[in-house]
Amino acid sequence: MVGFGYDSHRLAEGESLILGGVKIESKIGTIAHSDGDAVLHALCDALLGAAGLSDIGEHFPDTDPKYKNADSSLFITEAVRMIKEKSLRIINTDISIILERPKLKDYKQAIREGIAELCEIPSERVNIKAKTNEKMGFVGRLEGVAVYCVCEIQALDNKQ
Ligand code: MG
């Protein structure tokens, strides 16, 4: 089964920028209820989507004070737990991060390894792509970051 996830967050000066669990050196960061990690939020929605488990907002509402400044890795840990509970396993994930700057080239490997660990899969099964939006739209104006993610999961007893 395939799942798709999307997330975006506003960017502002003086906020911290955490993407895929990695702190990025940047003058602008995300404004959010949790830690604003748009990569892990998109991934969480892709995982939940593949398993037919609705969306991140349903499981972890941003109106819940419990999730204020929450480390978004807990959303992934919980989604992975729910996937295992349904006798499913994650095959791979492919993530596109759309951010005008800073460039994420030097962070891609760390993001990849961190996500692999959270998803309990080898890092070759996590692919991270970083792109700009060619100065167009909200990403191009440095107003926000957007992330697209797909993942595949399958039944544990599928030997494929
Ligand atoms: Mg989000």
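Predicted model: local features only at pLDDT ≥ 70, side-chain atom pairs only at ≥ 80, totals over all residues.

Q: Are the ring planes of F4 and Y148 stacked, edge-to-face or tilted?
A: Planes under 30 degrees apart count as stacked and those over 60 as edge-to-face, with the rest tilted. The centres of F4 and Y148 are 6.4 Å apart and their planes stand at 35°, so the pair is tilted.

Q: How many residues apart are F4 and Y148?
A: F4 belongs to strand β1 (residues 2-13), whereas Y148 belongs to strand β7 (residues 144-155). The pair thus links distant parts of the chain, and the separation is 144 residues.

Q: Is F4 buried or exposed?
A: The cut-off for exposed is over 50% relative accessible area. F4 has 51% relative accessibility, and therefore counts as exposed.

Q: What is the angle between the planes of Y6 and Y148?
A: Y6 in strand β1 and Y148 in strand β7 are 142 residues apart. Their rings form a tilted aromatic pair with 5.0 Å from centre to centre, and the angle between the planes is 50°.

Q: Which residues form one aromatic cluster?
A: Y148 pairs with F4 and also with Y6. Y148, at 38% relative accessibility, counts as partly exposed, and Y6, at 34%, counts as partly exposed. The one cluster is formed by F4, Y6 and Y148.

Technical notes. Residues numbered from 1 in each chain as written. Heavy atoms only, no water. Phe/Tyr/Trp six-rings, centres within 6.5 Å; stacked < 30°, edge-to-face > 60°. Helix = DSSP H or I, 4+ residues; strand = E, 2+ residues; numbered from the N terminus. Buried < 20%, exposed > 50% of the residue type's maximum accessible area, 1.4 Å probe, protein only.
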